[in-house]
Amino acid sequence: MTSHWDGFGSDRASLGSDYGQLQENEFHREAWRGFGFTGSARPRKYSAPHLLHLPAAMSKLESLDYRTPDDMPHREFMQHGNSRTREAQRLVAKWLLFMIIGLLTGLAAYGIRRGTDELENLKYEAVKIYMHTNPVAAFFIYLAIVSGYAAAASIAVLVLGPMAGGSGIPQLKGYLNGVRIEGFASLKTFIGKMLSISFAYSSCLALGPEGPMVHIGAMIGGGISSAKSRTLHIRLPKTFERLRADKEQRDFISSGAAAGISAAFGAPIGGLLFSLEEASS
């Protein structure tokens, strides 16, 4: 696994072992500009799967970079006065986003609860009409409605992607432990998860919204903080660029998972402990 940089020319050799440790972020770009380098970083290129002796299915897997940069360009950049102001702004922005993530996760939990209540009321109202006059008809009407709900949940997963199925906790644990999973926090997965859990829970299957709420909170945390969507072709200005780093995204997704547990069980301390002890380790 190698990284390729443009604009350095023969100076690549002078970087020595630190060359592989350079990261494309704001600190390094500004520091290298101060040294007279004007090159921009290209996306990372990965070795072919057959060279690594990996199955073809694993060629799409990519590791996340949670390391804190620690090299001379970063240290010199942090010594400037404006870097301290930017660090304070970053911390304030993170805390504001944490509050927004918690609020939106709570609204998502309320939306799921209201949706399931309406679906169940529709089911019971249809059965109540024939309950006393024709119990057999009431049974088959009930069976048809719950089967339709289960089919709707399955269709939502098939149409909007397999990530919308299940609890999403194994994928969350994989992401927080350093594996980039395609479609883990996409808008399609979010919509599919909301629809599938509402219909599946109303169909009286042996499941609950607690596990999916963890994934929903994590998707809200990752989506709000990155301020971009490939589905809608939206990418907000460079103000959010620093918050799109893997290390920052891990904090937001982990906080979203904690908010999901808190909203599902009404236990904020339990959600925090779950995120720290179970999901992030």
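Is glutamine 249 buried or exposed? Glutamine 249 is buried, with a relative accessible area of 8%. That value comes from a predicted model. The protein has 281 residues, and 35% of them count as buried. Its elements comprise 10 helices and 4 strands.

**Overall layout**
- Read from the N terminus, the elements run α-α-β-α-α-α-α-β-α-α-β-β-α-α.
- Among contacts with a separation of 6 or more, 71% join residues 24 or more positions apart.
- The protein exposes about 16400 Å². Carbon and sulfur atoms supply 63% of that area.

**The nonpolar cores**
- The largest nonpolar core has 13 residues. Those with the most contacts inside it are Ala108, Ile112, Met194, Met213, Ile216, Ile220 and Phe252.
- Two or more residues of this core come from each of helix 4 (81–131), helix 7 (187–202) and helix 8 (210–226).
- Helix 4 gives the most to this core, with 5 residues.
- Methionine 194 touches Ala108, Ile112 and Ile216, leaving out residues up to four places away in sequence.
- A second, separate core has 12 residues, including Leu176, Val214, Ile253 and Ile261.

**Helix 8**
- Helix 8 is mostly covered, as 14 of its 17 residues are buried.
- At 1.5 Å a residue, helix 8 should span 24 Å. Its end C-alpha atoms are 25 Å apart, which agrees with that expectation.
- Alanine 227 follows helix 8 and has a positive phi, near 55°.

**Helix 5**
- Helix 5 covers residues 135–160, 26 residues in total. From its first C-alpha to its last it reaches 37 Å, close to the 38 Å expected at 1.5 Å a residue.
- Its buried residues include Ala138, Ile145, Val146, Tyr149, Ala153, Ala156 and Leu160.
- An α-helix has 3.6 residues a turn, so residues three or four places apart point the same way.

- Glutamine 249 is found in helix 9, residues 246–265.
- Beyond its neighbours within four places in sequence, glutamine 249 is in contact with Tyr175, Gly222, Ser225, Ser226, Leu243 and Arg244.
- Alanine 200 has its place in helix 7. The cut-off for buried is under 20% relative accessible area. Alanine 200 has 10% relative accessibility, so it counts as buried.
- Not counting residues up to four places away in sequence, alanine 200 touches Ala153, Leu205 and Leu207.
- Alanine 200 and alanine 152 are 48 residues apart along the chain, yet their C-alpha atoms are separated by 8.0 Å.

- Ile100, Leu103, Leu104, Leu107 and Ile224 make a nonpolar surface patch of about 410 Å².
- Helix 4 gives the most to this patch, with 4 residues.
- Leucine 107, one of the patch residues, is found in helix 4.

Terms used:
Residues numbered from 1 in each chain as written. Predicted model: local features only at pLDDT ≥ 70, side-chain atom pairs only at ≥ 80, totals over all residues. Heavy atoms only, no water. Core = buried A, V, L, I, M, F, W, Y, C linked by side-chain atoms within 4.5 Å. Buried < 20%, exposed > 50% of the residue type's maximum accessible area, 1.4 Å probe, protein only. Contact = heavy atoms within 4.5 Å. Areas by Shrake-Rupley, 256 points an atom, 1.4 Å probe, with all protein chains shown as cover. Expected span 1.5 Å × (residues − 1). Patch = residues over 30% accessible without salt bridge, like charges linked within 9 Å, V, L, I, M, F, W, Y side chains within 5 Å. Salt bridge = Lys/Arg side-chain N within 4 Å of Asp/Glu carboxyl O.
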